[in-house]
Amino acid sequence: MIYMGSNELIIAKFKTCMMKKFEMTDLGLLHYFLGFEVKQDFDGIFISQRKYAMDLLKKFNMLRCKVKATPMNVNEKLSQDDNTEFVNATYFRSLVGGLNYLCHTRLDIAFSVRVVSRFMHTLSKLCLGVTKRILRYIVGTAELKIWYSKVSNFKLIG
């Protein structure tokens with residue numbers, strides 16, 4: 001006989017009911033979904049985008065670049081007219097779009113990515129350099145994860 005706690009029994013009943021109503025299968029614990037890596041533990045859940053970050057670095061040929069300690073230079077001043085030559089629009093927008101998606105689990109780069117996102121129509125070499133600095137930061141911090149701990153007495157107060 002297998003003992004199940006009340007929560008596990010409720011979940012099992014729910015799954016059985018859903019499988020009768022809809023065509024579906026139980027694939028077990030979630031490990032990888034839309035670029036998110038999920039590691040479930042008894043105490044909580046780790047979520048990261050390490051593989052997505054590594055794929056992004058590989059796509060833009062930045063895997064072996066020099067690592068930076070911060071995603072953006074503090075004194076960096078970007079402007080609409082910086083008098084530098086323009087870069088490939090598709091390349092730049094693809095890079096910024098990839099970084100935007102990475103911001104879901106990498107809040108440490110969110111500000112820097114939002115700054116370069118403002119200059120999507122400028123497409124200057126200076127903006128590309130600032131964007132590549134973010135990639136140099138990611139090379140050294142690709143292993144960062146978000147930890148959601150299990151809470152028994154959760155209260156949401158608004």
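This report describes the strands, helices and aromatic pairs of a predicted model.

## Basis of the description

The model is predicted, and local features are reported for pLDDT of at least 70, side-chain atom pairs for pLDDT 80 or more, while totals for chains, interfaces and linings use all residues. Residues are numbered from 1 along each chain as its sequence is written, and side-chain values use heavy atoms, with hydrogens and water left out.

## The sheet

Four strands form an open sheet with the order 1-2-3-4 and antiparallel pairing; here strands (E, at least two residues) and helices (H or I, at least four residues) are DSSP runs numbered from the N terminus, and two strands pair if DSSP finds at least two bridges between them. The edges are strand 1 (32–33) and strand 4 (146–149), each of which pairs on one side only.

Strand 1 and strand 2 are antiparallel and share two bridges, with Tyr32 opposite Glu37 of strand 2. These two strands make a hairpin with two residues between them, and Leu34 in the turn has a positive phi of about 50 degrees. Strand 2 (residues 36–40) is in turn joined to strand 3 (residues 44–48) by four bridges in an antiparallel arrangement, again as a hairpin, with three residues between the strands. Along this pairing, Gln40 stands opposite Ile45, Val38 has Ile47 as its bridge partner, and Glu37 has Ser48. On to the next strand, four bridges join strand 3 to strand 4, also antiparallel, and Ile47 stands opposite Ile146 there.

## Ser48 in strand 3

Ser48, which belongs to strand 3, has a relative accessible area of 5% and is therefore buried, where buried means under 20% relative accessible area, exposed over 50%, and partly exposed in between (1.4 Å probe, protein chains only). Apart from residues up to four places away in sequence, Ser48 touches Gly35, Phe36, Glu37, Thr105, Leu144 and Lys145, a contact being heavy atoms within 4.5 Å.

## Helix 2 against helix 3

Two packed helices are described by the angle between their axes and the distance between the axes. The axes of helix 2 (residues 50–59) and helix 3 (residues 89–102) come within 10 Å and cross at roughly 170 degrees; axes are lines fitted to C-alpha atoms, for helices over the stretch in contact, and angles run from 0 to 180 degrees between N-to-C directions. Helix 2 and helix 3 are therefore roughly antiparallel to each other, since angles over 145 degrees count as roughly antiparallel, under 35 as roughly parallel, 65 to 115 as roughly perpendicular and the rest as oblique.

Helix 2 contributes Tyr52, Ala53, Leu56 and Lys59 to the contact, and helix 3 contributes Ser94, Gly98, Leu99, Tyr101 and Leu102. These residues divide into six nonpolar, two polar and one charged, where Ala, Val, Leu, Ile, Met, Phe, Trp, Tyr, Cys and Pro count as nonpolar, Asp, Glu, Lys and Arg as charged, and the others, Gly among them, as polar.

## Aromatic pairs

The count comes to four aromatic pairs, under the rule that rings of Phe, Tyr and Trp (its six-membered ring) pair if their centres lie within 6.5 Å, with planes under 30 degrees apart called stacked, over 60 edge-to-face and the rest tilted. One of them joins Phe36 and Tyr101, whose ring centres are 5.8 Å apart and whose planes stand at 70 degrees, so the pair is edge-to-face. Because Phe36 lies in strand 2 and Tyr101 in helix 3, this pair ties together parts that are 65 residues apart in sequence.

Tyr101 is partly exposed, at 26% relative accessible area. The rings of Tyr101 and Tyr52 are also edge-to-face, because their centres are 5.2 Å apart and their planes at 65 degrees; Tyr52 is in helix 2 and Tyr101 in helix 3, so parts 49 residues apart in sequence are tied together. Tyr52 counts as partly exposed, at 21% relative accessibility. Phe36, Tyr52 and Tyr101 form one aromatic cluster.

## Helices 4 and 5

In helix 4 (residues 110–117), the buried residues are Ala110, Ser112, Val113, Val115 and Val116, and they pack against helix 3 and helix 5 (125–141). Thr131, located in helix 5, is buried, with a relative accessible area of 0%. Leaving aside neighbours within four places in sequence, Thr131 is in contact with Phe92, Leu95, Val96, Leu99 and Val116.
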